[in-house]
Amino acid sequence: MPPPSTAQQKVFIAQFVSLTGASERQATRYLKSTGFKINEAVDAFYAAGNEPKTSALEAKLDSLFDSLRDDENDEKNKLELESTMDYLSNRLKVSIENAELFIALELVQAPSVGEITRKGYVDGWKATGVGATHQEHAAHIRRLKASLSMDPALFKKVYRYTFVAGRERDQKALSLENAMIYWSILFSPPGMSWETSNHDWLELWKSFLNEKWTRSVNKDMWNMTLEFALKAMADETLSFWTEDGAWPSVIDDFVEWCRVKGITKSESMDVDADA
């Protein structure tokens with residue numbers, strides 16, 4: 001693989017400096033020794049006994065976080081609901097009614113929908129390397145929003161984090177009501193639409209749950225719903241599903257519900273038709 005261009009090298013050096021607080025000279029030395037692999041270079045830097053330093057970027061982000069705080073209502077290291085919503089809506093220009101909300105919350109590792117910590121904010125924005133202004137941050141969120149429906153890895157990361165941020169503080173599972181709201185948000189633009197040419201799977205899933213499901217939604221059910229959704233979008237006949245598969249029982253029941261309603265054909269139906 002050819003070495004990165006001079007312009008690319010400068011980007012890597014700036015990222016290394018922002019991540020470690022090292023000098024440009026140190027950054028260049030460690031990056032060159034690892035073939036400009038940023039993660040390996042950072043690991044080598046710390047393995048050599050170097051201590052993390054507060055970088056200029058961290059200091060700017062720390063100051064930016066302070067500018068968001070309301071001294072009367074927020075703790076030193078946390079934005080409460082009002083400040084969080086003001087930040088998302090007015091500084092990042094994020095819609096709190098679609099999946100864009102969860103892109104931003106995942107990036108800063110918000111412990112809940114209405115709370116942002118200083119550490120999550122500084123670490124999250126530092127890792128992006130996009131700078132330390134609200135304008136740069138808002139532009140980065142817009143880029144992520146534009147790619148959300150087409151980037152399975154990004155969507156999965158945002159989807160899975162929604163479960164964490166969406167729970168009530170003392171609960172291990174999502175209430176069914178909240179899970180339905182979050183599914184509607186995530187599986188609609190700018191998120192990934194859960195539908196195929198013949199079926200609106202999101203609406204079918206919600207109808208099934210309204211009819212048949214009364215319990216809360218645990219982490220396994222939440223995560224496996226996405227795996228099922230991705231497979232259903234690739235194969236609307238659901239032929240990938242088998243009785244002895246590793247799907248949770250609620251997915252098995254959904255497939256059976258679809259077959260009873262004639263949405264998909266069962267194997268027995270196919271046999272009868274051939275006969």
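## Basis of the model

Because the model is predicted, local features are given where pLDDT is at least 70 and side-chain atom pairs count only at pLDDT 80 or more, whereas totals for chains, interfaces and linings use all residues. Residues are numbered from 1 along each chain as its sequence is written, and side-chain values use heavy atoms, with hydrogens and water left out.

## Overall architecture

The secondary structure of the protein chain comes to 14 helices and two strands, where helices (H or I, at least four residues) and strands (E, at least two) are DSSP runs numbered from the N terminus. Along its principal axes the C-alpha trace spans about 75 × 55 × 30 Å. Of the 275 residues, 46% count as buried; here buried means under 20% relative accessible area, exposed means over 50%, and partly exposed lies in between, with a 1.4 Å probe and protein chains only.

Among contacts (heavy atoms within 4.5 Å) between residues at least 6 apart in sequence, 62% join residues at least 24 apart.

## Charge and salt bridges

The protein chain has 32 positive and 42 negative side chains, and the centres of the two sets lie 9 Å apart. In this count Lys and Arg are positive and Asp and Glu negative, while His and the chain ends are not counted; the place of a charge is taken as NZ of Lys, CZ of Arg, CG of Asp or CD of Glu. Side chains of opposite charge can pair when their charged atoms come close. With a salt bridge defined as a side-chain nitrogen of Lys or Arg within 4 Å of a carboxyl oxygen of Asp or Glu, the count comes to twelve salt bridges.

One of these salt bridges joins the side chains of E58 and K126, at 3.4 Å from N to O. This pair links distant parts of the chain, since E58 belongs to helix α4 (residues 56–68) and K126 to helix α7 (residues 118–128), 68 residues apart. E58 is buried at 16% relative accessibility, and K126 is buried at 12%. Another salt bridge is formed by K78 and E80, whose closest N and O atoms are 3.6 Å apart; K78 is buried at 15% relative accessibility, whereas E80 is partly exposed at 27%.

D62, D66, R69, D71 and R118 are linked in a network of salt bridges. In the pair R69 and D71, the closest N and O atoms lie 3.4 Å apart, and D71 counts as exposed at 63% relative accessibility. R118 is found in helix α7 and is buried, with a relative accessible area of 10%. Leaving aside neighbours within four places in sequence, R118 is in contact with D62, F65, D66, R69, K76 and N77.

V122 also lies in helix α7 and is buried at 8% relative accessibility. Beyond its neighbours within four places in sequence, V122 is in contact with E58, L61 and D62. The C-alpha atoms of V122 and D62 are separated by 6.3 Å, although these residues are 60 residues apart along the chain.

## A negative surface patch

E243, D244, D253 and E256 form a negative surface patch. Patches are made of residues with over 30% relative accessible area and no salt bridge, like charges being joined within 9 Å and nonpolar side chains (Val, Leu, Ile, Met, Phe, Trp, Tyr) within 5 Å.

## Loops and backbone geometry

The peptide bond from P189 to P190 is cis, with omega near 5 degrees, and P190 lies in the loop between α10 (176–186) and α11 (201–212). Q109, which is not a glycine, has a positive phi of about 50 degrees; Q109 is placed in the loop between α6 (100–107) and β2 (116–117) and is partly exposed at 39%. L238, likewise not a glycine, has a positive phi of about 60 degrees; L238 is in the loop between α12 (219–234) and α13 and is buried, with a relative accessible area of 1%.

Key: Areas by Shrake-Rupley, 256 points an atom, 1.4 Å probe, with all protein chains shown as cover.
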